[in-house]
Amino acid sequence: MESSDVTIGLAFLAGLISFVSPCVLPLVPAYVGYMGGRVTRQAQGETTGPSLDQRFGTLVHGLFFVLGFTLFFVLFGLLTTAAVSSLTSLGVTEGDVRDGLARVGGATIILFGLHVSGLLMRILNGLQVRAARLDRNPYANLISALIIVAFIGITWWLFVESWFLTLVVVLVLLQFFHAALKADTPGQFWSRIAERLQVTLYADTRRLNQPKAQASYMNSLFMGVVFSAGWTPCIGPIYGAVLITAAAGGLESILRAGPLMLAYSLGLGIPFLLTALALNQSQSLFRRLQRNTRTIEAVSGAFLVLIGVVVFTGQLQRLSTYGSGNSSFADLSVNLENCALGVVQGDIQPGNLLSCIGDGTKESFYIAASRDVTAMDTGTDVTAAPAAPEIDAEDVPTGLEVGQRAPDFTTETVDGDTVSLSDYRGKVVLVNFWATWCGPCRSEMPYFQTLYELHDPNFVVLGVDNQESADTITDFADDVGISFPLLLDEDGAINGDIYGDRVLGYPTSFLIDQNGVIAAYYVGEMNFSMLTQDLKDTLTS
């Protein structure tokens, strides 16, 4: 889809439909766990019905959560395209920011899980007791210094070894714990830190389990940012077109892409708000279960700690594999988006909507076919086209932008062969980043197979999977009928460390010419006609 065809209404509708995508599934249990933990804490100790503010408190938290991931989608989406040069000059990449947020966010979710379970208060109380005893230890200053150094080291590791981001965190914490810096003794220093944390987390001792409203709303907004940073989205045709618009750079592109990203995020947020509203109605159930509150808190807290670990380790998207192993679900989700948008745009006959969702788009469903002519239609013998003139690839700077030399990588195929990108020098290569749980990825794979068969041996497709096993990928390939090389990336090094700054979601693809230089960059589900034309131009250049 051309970016000029995307309207705010279409972006909103695409976001709303995306909620049923397998890629959104990881957010659902994480969100329900977080919001359910808040409902558990709010219902504890209530003997009468909740006030009006309390009754709609969960809904407001849901709204702030949605605003959080909307903020991340819009600002980070624009940041990664408009301000990447300033970040790079500070030694910070887009991947560093995303990974750092995911790690800090994961740690925050773990702390909130401990908070819900009641363990965090016990830990803070224990810190208060031990802080009072610290001043009697002759090595108190040395112990405190070692703890601070260890904390800075952990912070540096959390923020993917970026000293700039570490400095920012340290400065923020110095401001947050400014009262502790005025302490006269080490014991008083740590006691004030524990006290500051208790004051932040709890309103007062009479309402021990009720977080401060204003602060906790900001926590929900932060959680929305965290979940979206640790989540790897599927990129359908609408969201892909929006990202391509943003990637064009310049003020005009930003002004156009920003509202579209906002509309997409708000559309995706509607089901989350409805979930929060449903949780609001469950408060009476929690009150009836007050005698089992401790058990509920323990289970909720443990679940949040588990979610925090998943976010912290960058494996949130792996939750997508549970419940989406049946390929028909992935097909259904991508068909729903394509068919619904086709009806809204007036391309697909409304009477064919249900059949289209079940079977996928077909020419007979369209009101008027408007397909571009491909190389197969014209009979053009692109396979026999001359190769591009040899150039010294070492003279071309390595990077992820069009016109730069694609970074090399080495990995294994699902068949156990070791291959490198540089092995295919002299051929045009389509490097496709994908995952079996990604509906749009599955939808475009048959197109790649067709082009691969048509243009072999001058063209090859390399499907770089995102952190899945060889057995999972092989089953997928057998089901879809894929014969081009499928590559393993079980530790995420290629998807993350090497190409992560441009792999914003799945699918993402790079078309690389015979000299190893990036000729085109695609975000989201591929436009087959566009790829065919780009491939023809690259093969004949």
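Q: What share of the chain's contacts with a separation of 6 or more comes from residues 24 or more positions apart?
A: This is a predicted model, where local features need pLDDT of at least 70, side-chain atom pairs count only at pLDDT 80 or more, and totals for chains, interfaces and linings use all residues. Residues are numbered from 1 along each chain as its sequence is written, and side-chain values use heavy atoms, with hydrogens and water left out. A contact means heavy atoms within 4.5 Å. For residues 24 or more positions apart, the share is 75%.

Q: Is glycine 106 buried or exposed?
A: Glycine 106 sits in helix H6, residues 94-117. Buried means under 20% relative accessible area, exposed over 50%, partly exposed in between (1.4 Å probe, protein chains only). Glycine 106 has 0% relative accessibility, so this residue counts as buried.

Q: Is helix H19 roughly parallel or roughly antiparallel to H22?
A: H19 (residues 439-455) and H22 (residues 528-540) pack at about 25°, with axes 11 Å apart. Axes are lines fitted to C-alpha atoms, for helices over the stretch in contact, and angles run from 0 to 180 degrees between N-to-C directions. Angles under 35 degrees count as roughly parallel, over 145 as roughly antiparallel, 65 to 115 as roughly perpendicular and the rest as oblique. Therefore H19 and H22 are roughly parallel.

Conventions. Helix = DSSP H or I, 4+ residues; strand = E, 2+ residues; numbered from the N terminus.
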